[in-house]
Amino acid sequence: MTDTFSRRVAFRAAVVGGAAAAGATIVAQPAAHAAPSGDGWISVLDHGAIGDGVTDDTAKIQAALNAATLTVPHKSVHFPPGRVFRVSEEISLTGYANATIAGNGSSLALTGARPTASHISTVLRLTDVREVTVEDLTIRDTDRTQIYNGLLLARATRCAIRGVRVIDVRYTGISVFDDPPGASDDVLITGCVTEGTRQGISVNGRDIRIIGNHVAMDWWSTDEARRGPWQPSSDYYDGINVLAGSDRTVVSGNTITECGQSGIYTQSLKNLVVADNTVTGCVLRGIEIDGQRKHLEKPSDNVPEAQKLRAYGVTITGNTLLDNFGNINILYALDVTITGNRVHNKRASTCIALNRGTHHAVVVGNHCRQDDPDRAAIWVKPVETVNGTVIPGATEVTVAWNNVEAAVDWSAPPDAVVMQRTGNAEISATGTIKTTGKLLAAGGIGVGNSVSASRPGNVVRKIEVFTSTGASLGFIPVYNSIT
């Protein structure tokens, strides 16, 4: 079994943003609700924006945002329904609080974008914001001449991004990103769409919930795919990124389709839940937990294994992963639970791989269908020595009660505990199973030894047998097998 390491060649934790639904033309549908009334709102039209898709409205929209920050309390910003507002450079808002930016189905169309350093500029950037909602707004790059992000929040607290669509920007679609990580706290990203972007949704804050979004790159249909194999210079990378320094992140109920690399990719972090997502057709992994510190070092640095970072406290449950190149890959992670996932792998890789540096991992109750006859459906990396260097494996691993359809069910070192269903509802188990409590067996219990007995009646141990209710039936001798 070959080692299924992460193949990334570049640090992903640069300033990141997002992407959304694709289409041939920029046509925003009018919202069903009426324009707001009263003195709690500022309309971008009041500051001269036109929204005809031709006029450059950058300065006028910026003026409306600036005016909103000068009000006490801050007024919300209103885009009228059905308009296309052409912009040519970044629009930003700083120090905004307790307000809403309501798109009402209108679009910001990045056209003839001003030159920018790679991934530094963002179509709409919000910094030092508190209790702010951005909703029902489409951000689209119409010509992809410059590398922009879509929507970015930095140092954001108790904020929400709802129903935002980001299409064809050349870096990240939607991002909550801080340098250093963790300044943003309590942010919800929900009901959003990113499509045709290099990275879909990226975060590195605390208490970030990424729930019910759609991320699609449709890599297999792109011109890039038709030109040949995936390359590091690709315009299409990962769908959802949870970057180094994140804490208490939930990634749930998202659909992620045909990413250039992984559907869900995470770095060294703490307390991650990945639940009930559907990930299909990604060029690399479906879900990758990559806790090593390669994004902080060069290979030549030779950082000792004991100093490598890890992802701590990871739960992967209830996900559906279909036709990705390797579906669940765990690397340098501690305290990992993988349970109740449905995985179907058609390619030359594994369904679930517990890779080097993984410790305290449980793989229970998953349904794995592995079409590749030469690779195990569930693979646990053993310790290896290469040119005198010890390469760590996965340790303290339990693999139990998985439903596996494969030529090779699992591959694991002897110190892993493996319990799998086999034919006629039998259980095949390896490793050492130890209990300090009662072992209840309603239908009886059988015990065997691997060493042949030297003579009949050679008692090795005595075992106390209990009924299914826990009542003792006394002690019985246990004999070695007799050949």
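Tyr332 counts as buried because its relative accessibility is 2%; buried means under 20% relative accessible area, exposed over 50% and partly exposed in between, with a 1.4 Å probe and protein chains only. This is a predicted model, in which local features need pLDDT of at least 70, side-chain atom pairs count only at pLDDT 80 or more, and totals for chains, interfaces and linings use all residues. Residues are numbered from 1 along each chain as its sequence is written, and side-chain values use heavy atoms, with hydrogens and water left out.

**Positive phi**

- Tyr332 is not a glycine, yet its phi is positive, near 55°.
- Tyr332 sits in the loop between strand S27 (328-331) and strand S28 (333-339). Helices (H or I, at least four residues) and strands (E, at least two) are DSSP runs, numbered from the N terminus.
- Trp401 is another residue other than glycine with a positive phi, near 55°.
- The loop between strand S36 (395-400) and strand S37 (403-405) holds Trp401.
- Trp401 has 41% relative accessibility, so it counts as partly exposed.

**Cis peptide bonds**

- Val72 and Pro73 are joined by a cis peptide bond, with omega about -10°.
- Pro73 belongs to the loop between helix H1 (58-70) and strand S3 (76-78).
- Asp179 and Pro180 are also joined by a cis peptide bond, and here omega is about 5°.
- Pro180 lies in the loop between strand S12 (172-176) and strand S13 (185-190).

**A buried strand residue**

- Thr249 is part of strand S19 (residues 247-252).
- Thr249 is buried because its relative accessible area is 1%.
- Leaving aside residues up to four places away in sequence, Thr249 touches Val203, Gly205, Ile208, Val242, Asn271, Leu272 and Val273. Contact here means heavy atoms within 4.5 Å.

**Aromatic pairs**

- A pair of aromatic rings is described by the distance of the centres and the angle of the planes.
- Rings of Phe, Tyr and Trp (its six-membered ring) pair if their centres lie within 6.5 Å; planes under 30 degrees apart count as stacked, over 60 as edge-to-face and the rest as tilted.
- The count by this rule is two aromatic pairs.
- Phe79 and Phe85 form an edge-to-face pair, because their ring planes stand at 75°, with the centres 5.4 Å apart.
- Phe79 and Phe85 are both buried.
- Trp219 and Trp220 also make an edge-to-face pair, at 4.9 Å centre to centre and 90° between the planes.
- Trp219 has 3% relative accessibility, so it is buried.
- Trp220 is partly exposed because its relative accessible area is 43%.

**Cysteines**

- The whole structure was searched for disulfides, and zero were found. A disulfide is a pair of cysteine sulfur atoms within 2.5 Å.
- Cys282 is in no disulfide; its nearest cysteine sulfur belongs to Cys259 and is 4.1 Å away.
- Cys282 is buried because its relative accessible area is 0%.
- Cys368 is in no disulfide either; the nearest cysteine sulfur is that of Cys351, 4.7 Å away.
- Cys368 has 0% relative accessibility, so it counts as buried.
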